[in-house]
Amino acid sequence: MNRVSFPKIIFFSIALAALAACNGTTNNTPTIGPAPPKGTVTEFSGLSGSGPLGAFWVTLGPDSAMWVTNINANKVARVNPATGAITEFGVPTAGQLFGIATGLDGNLWIVERSANKIARMTTAGVVTEFNVPTASADVIFITLGPDGNLWFAEQNANKIGKVTPAGAFTEFTVPTAASSPQGISAGPDGAVWFTEANGNKIGRVTTTGVFSEFAVPTAASGPLGITQGLDGALWFTESATNKIGRITTAGAITEFSAGITTGAGLDGIAPGPDGALWFTEATVSKVARITTGGAVTEFSTGITASSSPTGIAAGPDCAMWFAETGANKVGRIAAC
């Protein structure tokens, strides 16, 4: 088979499906109401508990619904993108649910941060939990890797780990000591890419554990979220400097800052159905969009004050969906 991996095929299939929705060639158009103008925000309540520290991360599930982790309620919510209806499922061990990703096995994979576990959940809500080998690893984010396994960053342990769909773990130590790996994403090159918040680097690790690291040009930038763009590069947020970074698979980094509100607290980032990258500004409760050329647009209308949007992902409906950690809501912004 050629170098295009199964996750990459899925990644572009999702993107093409979203683009088809924009062009009116799908029957999955939401019934929330008439298609709103680009940038229009809709919010959905109904999650257990209340903010702050509610909804945190979001992913498009294998059932074409949006799935959201709820930190303090210790539940995972399924949001019907057509109606906004929310169904919640509990996780057996109390453990501050943070990152969530969809696996090739048709399940959701969830980080239980304080419990030091990774959970596998079926779309019916059946949960299996697996212990992370290193104690107090402090895992926050998880992603589907290019090899079909789930990959995650261990902030305290300074490791990158992977778990197979059957629950077998392997861990690799990051070369830079105390680098605090956090955001993580599959790359277009068959490797896994991650941010090093304290090391101020972007890391790359092959599926066999060979590392490369690239320094972010701006000092103390606090790289956090990272994702694969439709342009074949990796894009990341710099939480401490209000910049968005772009890194090629060869390690060349370009930074963009124009138009981003000062002190925005950039967090999650994800590719949109419009070919741009969408990211959250947690401190100022905004969602923003950056083109591959670096043009930034911010949106705030309709977002609850002090909502602290964090995770963001493209939905099946030509929209971006985001978690509002401060308001414990789920938001939707029209992307095309």
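Which side chain meets Lys-286 in a salt bridge? The views below come from a predicted model.

**View 1. Lys-286 and Glu-298 form a salt bridge.** The partner of Lys-286 is Glu-298, at 3.9 Å from N to O. This pair links distant parts of the chain: Lys-286 lies in strand β24 and Glu-298 in strand β25 (residues 296-299), twelve residues apart. Glu-298 is partly exposed, with a relative accessible area of 25%.

**View 2. Arg-289 and Asp-274 meet in a salt bridge.** The N to O distance is 2.6 Å. Arg-289 sits in strand β24 (residues 286-290), and Asp-274 in the loop between β22 (266-271) and β23 (277-281). Arg-289 counts as buried because its relative accessibility is 15%, under the 20% cut-off. Asp-274 is partly exposed at 23%.

**View 3. Asp-317 forms a salt bridge with Arg-332.** Their closest N and O atoms are 2.9 Å apart. Asp-317 is in the loop between β26 (309-314) and β27 (319-324); Arg-332 is in strand β28 (residues 329-334), 15 residues away. Asp-317 is buried, with a relative accessible area of 6%. Arg-332 is buried too, also at 6%.

**View 4. Strands β6 and β7 form a hairpin.** Five residues lie between the strands. In the turn, Gly-106 has a positive phi of about 80°. The pairing of β6 with β7 (residues 108-112) is antiparallel, over four bridges. Ala-101 has Trp-109 in β7 as its bridge partner. Six of the six residues of β6 (residues 97-102) are buried, so this strand is largely enclosed by the rest of the structure.

Definitions and conventions. Residues are numbered from 1 along each chain as its sequence is written. This is a predicted model: local features need pLDDT of at least 70, side-chain atom pairs count only at pLDDT 80 or more; totals for chains, interfaces and linings use all residues. Side-chain values use heavy atoms; hydrogens and water are left out. Buried means under 20% relative accessible area, exposed over 50%, partly exposed in between (1.4 Å probe, protein chains only). Helices (H or I, at least four residues) and strands (E, at least two) are DSSP runs, numbered from the N terminus. Two strands pair if DSSP finds at least two bridges between them. A salt bridge is a side-chain nitrogen of Lys or Arg within 4 Å of a carboxyl oxygen of Asp or Glu.
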